[in-house]
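I opened my notebook to look up how this protein is put together. My notes follow, entry by entry.

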Amino acid sequence: MRENARVTSSYKGDYQELVDEISELLGAPATLENRNFELIAFGAYDSEGDLDPSALDPVRTRSILTRRSTAAVRHWFEGFGITRATGPVRIPRTPEAGVYRGRICLPVRHRGVVLGYVWLLDYDPGPTERQLAAAMVVTGRIGALLADEAQHGADLTRELRAVLTAEPGWPRDMAVAELRTALGVRADGPHTVVCVAPWPSADPDDAPSVRTLPGARALCAIPWGTSGQSLVLLVGLRSTDTLTPAVSAATRLLERAAASGPGGAGRTGAGTGGASAQDGTAGRNGGSGRTTAGDGGVAAGIAAARTGLDELGTAWAEASAAARAALAEPRLGPVARWAAIGPYRLLTGLPPEAAHDPALHGLLSPAHQELALTAEVYLDCAGQAGRTAAELGIHRQTLYYRLSRVEQLTGLDLDDGEDRLLLHMALKAARL
């Protein structure tokens, strides 16, 4: 395992050396990006014209400064067939697309699979066919390195899965120690955990590469509920004050789930805040944006930031709870942070049987969804009738009638603080 950690930590330098070698062969600075157009290495070359900032264009400048390209840029370049090419591809200048200079793309492949791209700005007279052939040999070495790193990443994935599925105590401590060894110095830095659930694939190994996600340290799939899978991501942070890399990674995973899951983009419905067509409450579409429980979809949860790996189990519990809350309460998602899920921080920690109170059996039946929603909005609005009626889009007298029906069905007194607390928590728990 220590050998794996040393190999992983050396990849960045290896990529830099290989890109510098290509820059020397072609007489121009080259950049290496993975297949998702995320910058891995930038090779400098001592040529005044090519290093002149005025010679760059907005696309190349953004790639270097932000270490990634936009989806529109990726789609435009892929339109030239670079994902299928086995040799150099010349791309003409297109000022209207922000590409002020032509490009030469060298696809990086390993065993027939494209893993990335080497880019250089085209120039006059440009590299010879012999130079390009020599550079393609180097891209083969880069492809082998990318494939090797992916393999080590899979090993790290197994270590993360071991930590999250181990019983508390000594087995988990051993798994954490192995993961810490694999991560090396990165293990002591700030991080958080992201949970995306339910992941649309039933195959636990059918997950995106950890290299395609910003800040990712390790990724694995573990069981979710009785039959599904959740995707879990360990994300490195610059500091514990910001979760931006985790939000970016969670958003990208949700996009992947929407594209690959049954029903396509419809599977992310949990995060849209839209209402169910069967609901019949006039204000739900135009006012509250609430839905009843069980709308389904895919959502992501993010744990609080931490330093070190000692609380990895707790972080996973927080991320999982936040994902559950986002699935239950669409206005919390599609990406919910543990710190922002309110009462669900408590409710997600309760066993399922503790969340069912016999007083609410009648109110929670399918025939009374409208009444349950009315009671929940009323309690969310701190019992203010005017706010509640406005959010639901109903007349205040209609509200009073519905609340009296709620009291009849439950036997609870909405003027009593403890009865209101019980009803509020039970309604929230029902969403889970």
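**Entry 1: the whole chain**

In these notes a helix is a DSSP run of at least four residues, a strand is a run of at least two, and both are numbered from the N terminus. The model I am looking at is predicted. I looked up the elements and found 14 helices and eleven strands.

Next I looked up burial. Of the 432 residues, 47% count as buried. The accessible surface comes to about 20200 Å². Carbon and sulfur atoms hold 52% of that surface.

Then I turned to contacts. I took those with a separation of 6 or more, and 64% of them join residues 24 or more positions apart.

**Entry 2**

I wanted to see how helices pack. Two packed helices are described by the angle between their axes and the distance between the axes.

I started with H11, residues 369–380, and H12, residues 385–392. Their axes are 9 Å apart, and the angle is about 130°. Roughly perpendicular ends at 115 degrees and roughly antiparallel begins over 145, so this angle falls between the two. H11 is therefore oblique to H12. The crossing of H11 and H12 is right-handed.

Which residues of H11 and H12 make the contact? On H11 I listed Leu373, Thr374, Val377, Tyr378 and Asp380. On H12 I listed Arg387, Thr388, Glu391 and Leu392. Sorted by class, the contact of H11 with H12 has four nonpolar, two polar and three charged residues.

**Entry 3: H11 against H13**

I kept H11 and moved on to H13, residues 396–410. The axes of H11 and H13 are 9 Å apart, at an angle of about 105°. Angles of 65 to 115 degrees count as roughly perpendicular. H11 and H13 are therefore roughly perpendicular to each other.

I wrote down both sides of the contact. H11 brings Glu370, Leu371, Thr374, Ala375 and Tyr378. H13 brings Leu399, Arg402, Leu403, Arg405, Val406 and Leu409. By class, the contact of H11 with H13 has seven nonpolar, one polar and three charged residues.

**Entry 4: H12 against H13**

One pair was left to look up. At what angle do H12 and H13 pack? The angle is about 100°, and the axes are 9 Å apart. That makes H12 roughly perpendicular to H13.

Ala385, Gly386, Thr388 and Ala389 of H12 meet Arg396, Leu399 and Tyr400 of H13. By class, the contact of H12 with H13 has four nonpolar, two polar and one charged residues.

I checked for names that came up in two entries. Thr374 of H11 is listed in the contact with H12 and in the contact with H13. Leu399 of H13 meets H11 and meets H12.

**Entry 5: Ala28**

I left the helices for a loop. Ala28 sits between helix H1 (2–26) and strand S1 (30–34). Is Ala28 buried or exposed? Buried means under 20% relative accessible area. Ala28 has 2%, so Ala28 counts as buried.

Ala28 and Leu120 are 92 residues apart in sequence. Their C-alpha atoms are 6.9 Å apart in space.

**Entry 6: Thr240**

My last stop was another loop. Thr240 lies between strand S8 (228–236) and helix H7 (244–260). The relative accessible area of Thr240 is 40%, so Thr240 is partly exposed.

What does Thr240 contact, leaving aside neighbours within four places in sequence? I found Pro190, Ala305, Arg306 and Thr307. Thr240 and Thr307 are 67 residues apart in sequence, and 7.5 Å apart from C-alpha to C-alpha.

Technical notes:
Residues are numbered from 1 along each chain as its sequence is written. This is a predicted model: local features need pLDDT of at least 70, side-chain atom pairs count only at pLDDT 80 or more; totals for chains, interfaces and linings use all residues. Side-chain values use heavy atoms; hydrogens and water are left out. Buried means under 20% relative accessible area, exposed over 50%, partly exposed in between (1.4 Å probe, protein chains only). Contact means heavy atoms within 4.5 Å. Accessible areas come from the Shrake-Rupley method with a 1.4 Å probe; for residues, only the protein chains shown count as cover. Axes are lines fitted to C-alpha atoms, for helices over the stretch in contact, and angles run from 0 to 180 degrees between N-to-C directions. Angles under 35 degrees count as roughly parallel, over 145 as roughly antiparallel, 65 to 115 as roughly perpendicular and the rest as oblique. A crossing is left-handed if the near helix is turned anticlockwise from the far one by less than a right angle, and right-handed if clockwise. Ala, Val, Leu, Ile, Met, Phe, Trp, Tyr, Cys and Pro count as nonpolar, Asp, Glu, Lys and Arg as charged, and the others, Gly among them, as polar.
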